[in-house]
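Subject: The structure I promised you

Hi,

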Amino acid sequence: MPELFGHTRAHVGPRHALLTPHNHVASSVPGITGATTVILINEAMGAKFAQLLVTLADGGRAGQPAGELQTFGYVMSGGGTLAAGKEKAKVGAGWFFYAPAGQAWSLTGVKPGTQLTLFQKKYVPLPGVAAPRAIIADSDKVKGTPFLGDPAANLQVLLPDEPAFDLAVNIFAYQPGGHLPFVEIHVMEHGLLMLDGQGVYRLEDAWYPVEKGDVIWMGPYCPQWFVAMGKQPARYLYYKDVNRAAF
Ligand code: UGY
Ligand code: MN
């Protein structure tokens with residue numbers, strides 16, 4: 001969508017935010033070189049996690065040494081060689097990885113223009129439960145299920161649904177006209193990237209037209225609802241904190 005001079009669809013508030021690609025300003029992030037990196041969401045916005053957008057140039061590299069952060073990454077376009085903990089694979093568009101806290105990860109040997117989004121969060125261990133393992137996989141191989149029985153809203157859960165994980169990342173695909181069945185209000189936060197298509201997102205008491213490339217932060221208890229519009233299906237990737245009642 002073109003943005004009129006001096007105008008933007010973006011909004012940043014205490015409980016939700018919408019950023020469009022027209023708003024992006026790059027930051028330097030340790031471990032990411034030969035790249036344009038945008039910190040889309042982090043504590044400064046009010047979130048308890050960070051979401052980054054990384055666009056790698058020829059010879060660019062992204063990675064971080066073992067530390068207290070866990071990292072989930074999803075490749076939107078391009079590809080390269082990914083390592084996470086002891087896992088290693090050649091990856092392309094639609095692939096994702098999970099590097100637990102205490103394990104290093106890297107993306108090297110990239111095709112110029114490779115783009116990925118990262119979600120990072122401090123891990124909250126669960127007493128008596130072993131920490132999660134590293135994962136590299138192709139989202140095309142993850143089976144989707146109709147959300148609450150609705151075939152117009154298909155949900156792919158990318159990470160294992162196990163108590164060891166304190167975050168989840170899913171892909172929602174909606175047929176045109178498909179929508180969330182009700183206005184959700186929940187304690188979990190979301191960081192969301194529109195992967196395809198367009199629609200209208202209700203956030204608190206505002207309705208936003210959204211399209212591919214837009215990013216949304218939904219804080220705890222942010223009322224939320226989505227309807228897909230247009231001629232093609234809409235898809236979004238989203239983060240949520242899970243499996244911990246108090247921390
Ligand atoms: O998992 C979720 O909370 C999801 N249904 N929320 C959303 O798509 N905004
Ligand atoms: Mn939700």
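Which residue in strand 20 is the bridge partner of Met194? It's Tyr236.

Before you go further, two bits of housekeeping. This is a predicted model, where local features need pLDDT of at least 70 and side-chain atom pairs count only at pLDDT 80 or more, while totals for chains, interfaces and linings use all residues. Residues are numbered from 1 along each chain as its sequence is written, chains are lettered from A and ligands numbered from 1 in the order in which they are written, and side-chain values use heavy atoms, with hydrogens and water left out.

Strands of a sheet pair through backbone hydrogen bonds, either parallel or antiparallel. In this model, an open sheet has eight strands in the order 1-2-18-15-20-14-13-12, with antiparallel pairing. The edges are strand 1 and strand 12 (145–147), each with a single partner strand, so one side of each has no neighbour in the sheet. The strands here (E, at least two residues) are DSSP runs numbered from the N terminus, and two of them pair if DSSP finds at least two bridges between them.

Back to the pair from my question: strands 15 and 20 run antiparallel and are joined by six bridges. Strand 20 is also joined to strand 14, again antiparallel, by eight bridges. There, Ala168 stands opposite Lys240 of strand 20. Strand 14 in turn has five bridges to strand 13 (residues 150–157), also antiparallel, and Val157 faces Asn170 of strand 14. Strand 14 is mostly covered, with seven of its eight residues buried. Buried means under 20% relative accessible area, exposed means over 50%, and partly exposed is in between (1.4 Å probe, protein chains only).

**Ligand 1**

Strand 20 (residues 234–241) turns up again here, giving three residues, the largest share of the shell around ligand 1. The residues around the ligand are Phe147, Phe172, Leu180, Glu184, His186, His190, Tyr201, Gln224, Tyr236, Tyr238 and Lys240; a residue counts as near if one of its heavy atoms lies within 4 Å. By class, that makes six nonpolar, three polar and two charged residues. For the classes, Ala, Val, Leu, Ile, Met, Phe, Trp, Tyr, Cys and Pro are nonpolar, Asp, Glu, Lys and Arg are charged, and the others, Gly among them, are polar.

Have a look at these atom pairs:

- Glu184 has a polar side-chain atom 2.5 Å from a nitrogen atom of ligand 1.
- His186 has a side-chain N or O atom 3.2 Å from an oxygen atom of ligand 1.
- Tyr238 has a side-chain N or O atom 2.7 Å from an oxygen atom of ligand 1.

On its own, ligand 1 has 270 Å² of accessible area, and the protein covers 96% of it (Shrake-Rupley method, 1.4 Å probe; for residues, only the protein chains shown count as cover).

**Strand 8**

Strand 8 (residues 95–99) is largely enclosed by the rest of the structure, because four of its five residues are buried. Strand 5 (residues 69–77) pairs with strand 8 in the antiparallel sense over four bridges, with Tyr74 opposite Phe96. Strand 11 (residues 135–138) is joined to strand 8 by four bridges, also antiparallel, and here Trp95 has Asp138 as its bridge partner.

**A few single residues**

Arg9 sits in the segment before strand 1 (11–12) and is buried, at 15% relative accessible area. The side chain of Arg9 makes a polar contact with the side chain of Asp214 at 2.8 Å. A polar contact is a pair of N or O atoms within 3.5 Å; within protein, one must be able to donate a hydrogen and the other to accept it, and residues adjacent in sequence count only if both atoms are side-chain atoms. A polar atom of the Arg9 side chain also lies 2.9 Å from the backbone oxygen of Pro209.

Glu204 has a positive phi of about 50° although it is not a glycine, and you'll find Glu204 in the loop between strand 16 (198–203) and strand 17 (206–211). Tyr221 has a positive phi of about 65°, and is not a glycine either; at 47% relative accessibility, Tyr221 counts as partly exposed.

Cheers
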